[in-house]
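The entries below follow the order in which I looked.

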Amino acid sequence: MKSQQEDVLDRIIQRGQRWLSALSRFQWRMAFLYTLVTVTAFTLLLGILYLFTSRTFVYSPMVVYVLPTLLEDVTAPLAKELAAPSPNPEVFTRWIESTRQGSSLTLSKTEEKDDTLSISYSLDTTISPNSWLIIANREGQIIAVDPAERFQTQQNIYEVLDKHYLSIVDHAMNGMNHPSMLTLQEKNSIFIAAPIRETPTSTVTGVVCLNLVVPSGWQMLGYTVQTLLSTTLFLSIGAGIIGLVFGLLVGRGLEKRLRAVAETAAAWGQGNFERRIEDRSGDEIGMLARELNKVAVQLQNLLNTREELATLEERNRLARDLHDSIKQQVFSISMNLSAAQELWDKDPAKARQIVETALMISRQSQQELNTLIQTLRPPQLEQKGLEKVLEDLTRLWEKQSGIPITYQQEGSITLDLEQQQALYRVAQEALSNVARHSGARSASVSLSIHEGYQWLCVRDDGHGFDTSQIPARGVGLRSMRERVESLGGMFVLESGSEGTCVQAGFPLSSSSRHREEEMP
């Protein structure tokens, strides 16, 4: 017995399999695809926009031009502390930490003019890790620096900075506020110095120096990915939900239409071509539905035509069977009764014997009629085989016609039952013609195998006839030929002054042909 934990695990697995099965449906695949495309497109567009604004806009000359003013405004609260006899370094360190965090630089300030008016602004951009920030007092002594390993506090900026920066620093120390005097833009960096003072008219108490190093393309890409992961996650989730809902709605409609096509196709597979796909839309699925409906109409017409042809063929086959079997037997009965009538007074015993033969043929006719109704095949053929049935036929024919006949067989019969039936009917019709028209003194029936065919040959030594003068309305010879050729066989008729030979043959199967080749 399974434990409780195993039962819980089985239920979890079964539920998971049902969920996976549901996700394999077309509707959910569409929803997943729409979600994936929406989130990917949204993230890429947002990333491209962020990359463009960070690299192109922030480092554009227009923005660089306002940076000195921004630095002066955001460092104004530090002026009083910087003018103190013993400035607290922690005040400046906290300001630097709030301004620069890793690769991010934020310059923001909120200024309240009165109780109802406040002014706030913020510049948030991406900078290279090689950028640095310094706050120095009026004497040039470094009070705070970031990164700390770049310079040391208590150093003098006039001693540690490159000489081409010092003129910019002097401009800031002297209280100049024109951006062109406070900015030095180089190939991959921008140096900015701004005075630190409480108001634009106050005394300068120090200077803030910012060296912005433009990040490389790979660094910008890394910052962009990092920023997107941290800031656009919720937006991506929202976009994904929108894509999921849209995908479900679109997928549901498509799945419903495709299911209608599949159900209709299944009905056609079961032979119900009356059903049609109801889809009047103008898209590809609607066009497919209309084409499939046309195919269904054509298939229905083809089936109706085939049914009509099959009915006509069955009628023809039944006509041939009646002609080759019942008609010949009725003819034989008529001949026997005529002979019995002539002998009734002269030789009653012989006449009685002929009547008994006619009676036997009548019973056989009745039996064959029943068989035609049931299977349309001579019952003796299935029970006795073609060799025995032909032997019985020739013996009975000789007795009825009074013409000596021989029967000969070479090899075994390997044909199917329908082909054997055709040969039997050909033998019946040919022997009937011999008895009625040939004037033959003898006849022969043989079964042989040669040239890859199983052949039946009915030969007589009668006066023959001109094969080109066969009446067009004659049924016997035409039905023999049609019967054989309809099953893929060959029919050969030869007739002359020395008699007539009727041959009908069917090709042997590959295995039978191989055995024939091995025979000596």
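Entry 1, strand pairing. I began with Ile-449, which stands opposite Gln-454 in strand 11. Strand 10 (residues 443-450) and strand 11 (residues 453-460) pair in the antiparallel sense over 8 bridges; for pairing I required at least two bridges found by DSSP between two strands. Strands here are DSSP runs of E of at least two residues, helices are runs of H or I of at least four residues, and both are numbered from the N terminus.

I note the provenance before going further: this is a predicted model, in which local features need pLDDT of at least 70 and side-chain atom pairs count only at pLDDT 80 or more, while totals for chains, interfaces and linings use all residues. Residues are numbered from 1 along each chain as its sequence is written, and side-chain values use heavy atoms, with hydrogens and water left out.

I then followed strand 11 to its other partner and found that 8 bridges join it to strand 13, the two running antiparallel, with Pro-507 in strand 13 as the bridge partner of Tyr-453. Strand 13 (residues 499-507) also pairs with strand 12 (residues 490-496), again in the antiparallel sense, over 7 bridges. In that pair Val-492 stands opposite Gln-503, and the two strands form a hairpin with 2 residues between them.

Is Gln-454 buried or exposed? I find a relative accessibility of 0%, so Gln-454 counts as buried, where buried means under 20% relative accessible area, exposed over 50%, and partly exposed in between (1.4 Å probe, protein chains only). Strand 11 as a whole is largely enclosed by the rest of the structure, because 7 of its 8 residues are buried.

A polar atom of the Gln-454 side chain lies 3.4 Å from the backbone oxygen of Ser-448. I took a polar contact as a pair of N or O atoms within 3.5 Å; within protein, one must be able to donate a hydrogen and the other to accept it, and residues adjacent in sequence count only if both atoms are side-chain atoms. Leaving aside neighbours within four places in sequence, the contacts of Gln-454 (heavy atoms within 4.5 Å) include Ile-413, Leu-415, Leu-447, Ala-504 and Phe-506.

How many disulfides does the rule give? The count comes to 0, a disulfide being a pair of cysteine sulfur atoms within 2.5 Å. I looked at Cys-457 in particular: the closest cysteine sulfur, in Cys-501, is 3.2 Å from its own, which is too far for a bond. Cys-457 counts as buried at 11% relative accessibility, and Cys-209 is buried with a relative accessible area of 0%.

Most residues other than glycine have a negative phi, and most peptide bonds are trans. Against that background I recorded Glu-451, whose phi is near 55°; this residue sits in the hairpin of strand 10 and strand 11, which has 2 residues between the strands, and Glu-451 is exposed at 71% relative accessible area. Gln-154 also has a positive phi, near 75°, lies in the loop between strand 5 and helix 6, and is exposed with a relative accessible area of 56%. The loop between strand 5 (142-146) and helix 6 (157-160) also holds Pro-147, and the peptide bond from Asp-146 to Pro-147 is cis, with omega near 0°.

In helix 5 (residues 89-99) I found Phe-92, Trp-95, Ile-96 and Thr-99 buried. They cover an arc of only 100° around the axis, which puts them on the same side of helix 5; the arc is that of the directions from the helix axis to the C-beta atoms. In helix 3 (residues 61-75) I looked up Glu-72, which is buried with a relative accessible area of 10%. Not counting residues up to four places away in sequence, Glu-72 touches Asn-177, Ala-194, Pro-195, Arg-197 and Pro-200.

I list 17 helices and 13 strands, and of the 520 residues 39% count as buried. Among contacts between residues at least 6 apart in sequence, 61% join residues at least 24 apart.
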